[in-house]
Amino acid sequence: MRSATHTGRASKIDRVSTGARQARLPHAALVSVVQVRLEVGRAVDAAALTDAVAVCNEAATFASRRAWESRTFHKFALQKTWYGSLRQAFPGLGAQAAVRVFARVAQAYANRRASKKRAHIFRPQGAVPFDARMLSFNRAERRVSVWTPRGRVTLSYTGRFEDLDAIDTLPVGECDLFQRGGRWLLQVSVTLPEPEQRAVKAFLGVDQGIANLAVTSGGAVLPSRALPGTITSNGHVRNLRERRYRQRRRLQCKNTSSARRVARRLSGRESRMMKDVNHQISKYVVREAERTGRGLALEELQGIRGRVRAHRSQRRTLHSWAFGQLIEQCQYKTRRAGIPLVMVDPAYTSQTCPLSLGGCGHTSRRNRPARGRFVCENCGLAGHADTFAAANVAERGEGSWALVNGPHATGDPAASRNTRANPPTTAAKVRRSTGNYLLSAAMRHRVDKPDPSGPGS
Ligand SMILES: [Zn+2]
């Protein structure tokens, strides 16, 4: 039996990209990560685990340097060229561990976690991925058997009830082994059962932008005080990012190696802040859609950049906010909640008078007399521009959904009205675009796993 982790994922992606017929695509499994603690009582076991982590990381750095020098980044090509010298350099490394090393190096370069500008160095104490051959579960006894260079070690594990329960009941995938604060921890990826998708007629629309990161058709402007966490407004996010930007610029002027190190740390902090804000927003909108029995409609990513004509001062922020990340997070969370997500064509959503708010559907640039404000030049309907845009996104979501779901569409006047208003949005396009987001979400899955090494390292 071959290790299913990577080959399996690749073939799944192939199937998605060749196009599926039904509305629900066959796609990568819904994966979540839980954490348990290994009970390492004996010093000899702890030493064996330390050895395992050290040798795997050293070997990965060794292989990464060879990969970078020879400009070979593909797993099999790497393995073919360097397997012999890797085994020779690290006699403690087993055959399976050696194979995993190449997979890990290839993945690091593919994920852009490692820049190809220089060889990626794996931290000596960094978390090491173990597949089923290197680490196996005895779920009945809640024990794992772990490969180490000194032979296999069997250990009990404990953790929070829900995490243990997940491991007891769900299919278990790859694990990350690492040590933190003197404890040995294991992050285990588990495959979640996917709930049946609910039937919905209405959609919650979300307008993503720079002035306001996300505005819903329900009128919520996010981030806001409704979200948990320290960040309570867009202004707050903007201030933080402006400050970081100025700090980075100052450091770039200095251009010393310590300045570069600080700059890297700051950018890491900023991307974690962004990810956290996106997480809060996606959680809020998915829960809001779920609570009100609606689906979720978002704009396709390319539109968010192309459509908005940003002020010069905002352009930088615009191009570096992780809009795609929010889409991916919504993708994951809607699947987990069993509600449909529709990606809509974003053209003119900000210039169209929304029918769902009693407007006339008139589209014109002149409907936007001032920034943030919408006044229809035809019927006079006026209001918050982003809320109106979100209402248009919701309307298009409903139209597309009705179209994809065939027979329901015919009798629904709202649906036909929408299709007339938005000719480019066809069922095929909706299917293709959701497929692409699924695909990218699947490929970047590993990036989304929490970094066990914590901030700043
Ligand atoms: Zn109007």
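The model is predicted: local features need pLDDT of at least 70, side-chain atom pairs count only at pLDDT 80 or more, and totals for chains, interfaces and linings use all residues. Residues are numbered from 1 along each chain as its sequence is written.

**The chain as a whole**

- The chain has 14 helices and 14 strands; helices (H or I, at least four residues) and strands (E, at least two) are DSSP runs, numbered from the N terminus.
- Of the 457 residues of the chain, 33% count as buried.
- Among contacts in the chain with a separation of 6 or more, 69% join residues 24 or more positions apart; two residues are in contact if their C-beta atoms, placed from the backbone, lie within 7 Å.

- An α-helix has 3.6 residues a turn, so residues three or four places apart point the same way.
- Arg71 lies in the loop between helix 2 and helix 3, and its phi is near 50 degrees, a positive value in a residue other than glycine.
- Arg71 counts as exposed because 7 other C-beta atoms are within 10 Å.

**Helix 7 and its surroundings**

- Helix 7 (residues 257–291) has 35 residues and reaches 51 Å from its first C-alpha to its last, close to the 51 Å expected at 1.5 Å a residue; the expected span is 1.5 Å times one less than the number of residues.
- Its buried residues include Val277, Ile281, Tyr284 and Val285.
- The cover over the buried residues of helix 7 includes strand 8 (203–208), strand 11 (295–299), helix 6 (234–254) and helix 10 (323–337).
- Just after helix 7, Gly293 takes a positive phi of about 65 degrees.

- An open sheet of seven strands has the order 2-6-7-1-5-4-3, with antiparallel pairing; two strands pair if DSSP finds at least two bridges between them.
- Strand 2 (128–130) and strand 3 (135–138) stand at the edges, each with a single partner strand, so one side of each has no neighbour in the sheet.
- From one strand to the next, the twist averages 35 degrees; axes are lines fitted to C-alpha atoms, for helices over the stretch in contact, and angles run from 0 to 180 degrees between N-to-C directions.
- Strand 3 and strand 4 (residues 143–146) run antiparallel and are joined by four bridges; Asn138 has Arg143 in strand 4 as its bridge partner.
- Helix 5 (residues 161–169) packs on the sheet, touching strand 1 (31–39), strand 6 (172–180) and strand 7 (183–191), and its direction makes about 110 degrees with that of strand 1.

- An open sheet of five strands has the order 10-9-8-11-12, with mixed pairing.
- Strand 10 and strand 12 stand at its edges, and each has a single partner strand, so one side of each is left without a neighbour in the sheet.
- Strand 8 and strand 9 run antiparallel, joined by three bridges; the bridge partner of Gln208 in strand 9 is Ala214.
- Helix 10 lies across strand 8, strand 11 and strand 12, running at about 160 degrees to strand 11.
- Helix 11 (residues 385–404) also packs on the sheet, touching strand 8, strand 9, strand 11 and strand 12, at about 130 degrees to the direction of strand 8.

**Backbone features and residues in loops**

- Most residues other than glycine have a negative phi, and most peptide bonds are trans.
- The peptide bond from Leu222 to Pro223 is cis, with omega near 0 degrees, and Pro223 is in the loop between strand 10 and helix 6.
- Tyr348, in the loop between strand 12 and strand 13, has a positive phi near 65 degrees.
- Tyr348 is partly exposed, because 17 other C-beta atoms are within 10 Å.
- Thr352 is in the loop between strand 12 (341–344) and strand 13 (373–375), and counts as buried because it has 25 C-beta neighbours inside 10 Å.
- Leaving aside neighbours within four places in sequence, Thr352 is in contact with Gly361, Thr363 and Asn392.

Methods. Buried ≥ 20, exposed ≤ 12 C-beta atoms within 10 Å, placed from the backbone.
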